[in-house]
Amino acid sequence: MKGSIIKLAAIAAVAAFMGSGAIAQTVLRFSHTDNPGGSRQAAAEVFAEKVKEYTEARYEVRIFPAGQLANDPKAIEQLMLGGVDFTVSATGSYATHLASLNLTAMPFLVDSYEQGWDLYDNSAWLQGEFDKLPEVGFRVLATWEAGFRSFTTNEPLASPADAANMKMRVYPNDMIRWSMEAIGFQTVVMPITDVYLAIQQGTVNGQENPVDTIKSLRFYEVAPYVTLTRHVYSPLPLTVSEATWGKFSPEDQEAVKKAAAEAAAFSRDLVKNSVDQQIADMEAAGAKISTPEIGPFRDAVASVYDKARGVYGAEEVDKILADAKAIREAMPSN
């Protein structure tokens with residue numbers, strides 16, 4: 001008798017909860033490798049807030065920063081398997097699963113943030129490549145910002161000649177590796193979560209990343225020579241697992257896309273307008289900031305375009321180069 005009373009009370013409590021208009025939330029996991037104080041985390045928090053708002057709290061985006069769940073390659077693998085729902089990473093990180101995306105990491109495609117935004121939002125070639133990703137297991141929702149890649153090294157880097165005796169950490173991306181080797185570095189592939197200690201221990205002499213990442217992950221502490229080459233535009237596509245996407249209603253798909261676009265606008269504005277202050281902060285903390293003559297670096301990587309044509313096909317390479325050239329000509333940088 002006592003058990004029946006408890007069971008009836010439990011049923012009544014559930015009925016009262018449902019009758020109150022409360023809706024059970026579905027938790028969605030968002031993995032990234034930026035530190036909690038970084039721009040990716042800030043944009044992820046905007047995204048989570050907007051998803052909650054636009055889905056009327058049916059979904060909660062739970063954020064796991066600093067590689068808590070996985071480094072970038074593993075997070076993308078988990079995305080494909082449905083182990084995580086969202087991640088944000090450099091375009092080249094996704095190229096393991098669609099090799100043509102390596103071409104976005106060709107050196108010196110664009111010269112300004114505005115040109116980069118136009119390339120990622122409007123390039124017919126790049127949009128066509130993104131459209132292939134759902135077959136792989138994930139899709140691009142929007143492109144967040146990280147900025148232009150530059151170097152941090154533990155020795156001065158005034159020209160490619162200085163690279164000859166340096167080991168440079170690279171992530172698993174052929175185009176980045178080819179560019180680093182063309183400049184003269186020896187390359188070492190490793191996850192970004194291992195880089196700080198590797199520089200500290202002398203395994204590598206430095207790494208290359210956007211200023212936002214250099215500042216967030218404090219690479220300037222162990223590699224204080226920050227050389228602003230801006231050799232690759234390296235934004236961050238926000239992606240969703242295709243398995244997760246298929247579970248959303250059409251209305252919730254639109255809500256998530258809207259949240260992603262608003263978080264992207266926030267990310268772009270934040271990163272672009274933070275770079276000068278981040279550089280000043282690093283310099284105040286002891287970093288040695290320099291902007292080298294870029295001509296020798298451009299000359300050093302000229303062979304990379306022909307190497308890309310040989311591997312990916314001249315037609316594909318020339319399509320993205322043509323899109324980038326048209327954008328540069330239409331939007332001259334200051």
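Helices (H or I, at least four residues) and strands (E, at least two) are DSSP runs, numbered from the N terminus. The model is predicted, so local features need pLDDT of at least 70 and side-chain atom pairs count only at pLDDT 80 or more, while totals for chains, interfaces and linings use all residues. Residues are numbered from 1 along each chain as its sequence is written, and side-chain values use heavy atoms, without hydrogens and water.

Start with the largest pocket. A pocket is an open set of points on a 1 Å grid over the protein atoms alone, where a 1.4 Å probe fits, with protein on both sides within 12 Å along at least five of seven lines; lining residues have an atom within 4 Å of a point. The volume is about 300 Å³, counted as the space filled by probe spheres set on the points. Of 17 lining residues, Y113, F148, R230, V275 and D276 are closest to the centre. Elements giving two or more residues to this lining are α5, β5 (148–153), β9 (225–233) and α12. The most come from α12, with four. By class, the lining has eight nonpolar, four polar and five charged residues. Here Ala, Val, Leu, Ile, Met, Phe, Trp, Tyr, Cys and Pro are nonpolar, Asp, Glu, Lys and Arg are charged, and the others, Gly among them, are polar.

Which residues join α5 to α12? Y113, E114, W117, Y120 and D121 of α5 make the contact (heavy atoms within 4.5 Å) with R268, V271, K272 and V275 of α12. Five of these residues are nonpolar, four are charged and none is polar. Helix α5 spans residues 113–122 and α12 spans 250–284. They pack at about 155°, with axes 12 Å apart. Axes are lines fitted to C-alpha atoms over the stretch in contact, and angles run from 0 to 180 degrees between N-to-C directions.

Strand β4 gives the most, five residues. Seven of the lining residues are nonpolar, two polar and four charged.

Elsewhere, α8 (residues 174–183) packs on α14 (residues 302–312) at about 145°, with axes 10 Å apart. Residues in this contact include W178 of α8 and V311 of α14. The contact divides into seven nonpolar, two polar and two charged residues.
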